[in-house]
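Hi,

Here is the structure I promised to pass on. Have a look at it first, then read my notes below.

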Amino acid sequence: MAYGGKLMELLKWIQRVSLPDEAAMDAARERQAQLAKPPGSLGRLEDLSIQLAGITGKVHNSVKRQHLLVFAADNGVVEEGVSSAPQSVTLSQTINLTRAKTGASTLCKHFGCEITVCDVGVNANIKEKKVLNRKIAYGTNNIVKGPAMTGEQAIQAILTGIELAANTQADVIGIGEMGIGNTTTSSAVLSVLLDADVEAVTGRGGGITDAGFLKKKQVIKDAIAINQPNKNKVVDVLAKVGGFDIAAMCGAFIGCAATRKPVVIDGFISAVAALCAYKLSPNSVHYFIPSHASYEIGYKLAMDAMGLEPMFLLGMRLGEGSGCPLAFLTMEAACAVMNEMATFAEAAINDDYLEEIRKGDQFTVKGAEK
């Protein structure tokens with residue numbers, strides 16, 4: 001498919017992303033108000049159940065079919081010494097992800113989540129049959145020497161993510177990655193999209209020395225100055241300073257939203273990819289469910305830009321999708337409350353004593369609007 005055809009295909013998917021079902025959300029709120037508990041006492045579990053209703057159009061939901069999609073790719077910028085790990089680790093860990101030998105895949109195995117590992121740009125020929133081959137190129141170009149990829153490759157990566165997410169049969173999908181050097185590319189993308197200082201969005205990634213950290217920030221500044229990405233054009237930003245993994249993850253978020261599936265954001269890189277999806281398709285944010293707060297400093301800026309808050313504060317910064325299985329379990333809890341908890345009537349409890357509290361909640365909300 002030629003460039004123009006790929007662009008039109010992407011636009012069609014973006015147009016498929018619709019707003020959540022407000023009637024279902026109202027019904028879910030009404031159901032929560034009837035459950036035998038003080039109003040709002042289950043916090044985020046209540047919010048999640050209402051969000052799920054908006055996504056599926058049903059008050060009662062199940063998220064038993066859980067699937068983690070991991071996109072693997074190498075980044076040419078590692079030539080600049082921005083990572084403590086050699087590029088060969090991408091290949092090793094891409095294979096290990098299929099064998100339940102990494103952090104994310106161990107959690108998936110433990111909790112019974114399915115996992116698909118997709119090669120969109122690893123700089124090697126992978127013989128492991130369990131790795132899905134969607135390779136666009138053998139890694140990106142070094143972003144301090146020019147664009148990471150062509151615009152056509154960027155769109156192809158996004159479409160690859162869309163296709164995989166849209167065709168994955170699951171109640172909920174999580175989005176992870178594997179690629180040495182991808183905190184550098186993610187920080188570059190985030191800096192451009194938010195017009196933020198490089199220092200404000202760049203962390204140490206997997207861990208580097210003080211000298212290496214200074215070098216990493218300078219490399220990002222140089223890459224942005226050399227490539228001059230247009231902050232108002234997501235595809236241009238991804239093509240010039242991004243990575244195949246980030247672009248494919250961006251597509252996966254759109255693919256989930258377009259097919260009305262809840263999708264879990266992992267850590268920093270996943271959050272940047274989600275932000276790219278949000279910039280392309282603002283409606284898609286209603287399908288996003290953040291897991292843990294990444295230790296990387298740019299994570300909060302990405303979340304704030306989308307109006308989202310993470311569920312967990314665990315000091316995690318592994319990536320891979322490691323926060324997704326934990327979020328899946330919390331979503332299961334939200335569904336259990338909505339589906340199985342007794343109402344006041346079922347529990348034979350007169351809830352008149354809550355009327356003043358409910359009036360107080362209404363007064364607070366109205367007062368906040370003034």
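The sulfur of Cys324 is 7.8 Å from the closest cysteine sulfur, the one in Cys108, and that is too far for a bond. Cys324 is buried, with a relative accessible area of 0%; buried means under 20% relative accessible area, exposed means over 50%, and partly exposed is in between (1.4 Å probe, protein chains only). Cys256 is also buried, at 0% relative accessibility. For the sulfur of Cys256 the closest cysteine sulfur is in Cys324, 10 Å away, again too far for a bond. The structure holds 0 disulfides, a disulfide being a pair of cysteine sulfur atoms within 2.5 Å.

Before you go further: this is a predicted model, where local features need pLDDT of at least 70, side-chain atom pairs count only at pLDDT 80 or more, and totals for chains, interfaces and linings use all residues. Residues are numbered from 1 along each chain as its sequence is written, and side-chain values use heavy atoms, with hydrogens and water left out.

Now the charged pairs. How many salt bridges does the structure hold? There are 14, where a salt bridge is a side-chain nitrogen of Lys or Arg within 4 Å of a carboxyl oxygen of Asp or Glu. Here are some to look up:

- Lys37 and Glu46 meet through their side chains at 2.9 Å, N to O. Both Lys37 and Glu46 are buried.
- Glu128 pairs with Arg99, with 3.0 Å between the closest N and O atoms. This pair links distant parts of the chain, 29 residues apart: Glu128 is in the loop between S2 and strand S3 (131–133), and Arg99 is in the loop between helix H4 (88–97) and helix H5 (103–111). Arg99 is partly exposed, with a relative accessible area of 48%.
- Asp119 and Lys135 meet at 2.7 Å, N to O. They too link distant parts of the chain, 16 residues apart, with Asp119 in strand S2 and Lys135 in the loop between S3 and helix H6 (151–167). Asp119 counts as buried at 2% relative accessibility.

(Helices, H or I with at least four residues, and strands, E with at least two, are DSSP runs numbered from the N terminus.)

Strand S2 (residues 114–121) also holds Thr116, which is buried with a relative accessible area of 18%. Its side chain makes a polar contact with the side chain of His67, at 2.7 Å. A polar contact is a pair of N or O atoms within 3.5 Å; within protein, one must be able to donate a hydrogen and the other to accept it, and residues adjacent in sequence count only if both atoms are side-chain atoms. Leaving aside neighbours within four places in sequence, Thr116 is in contact (heavy atoms within 4.5 Å) with residues including His67, Leu132 and Leu164.

Just after H13, Gly307 takes a positive phi of about 70°.

Cheers
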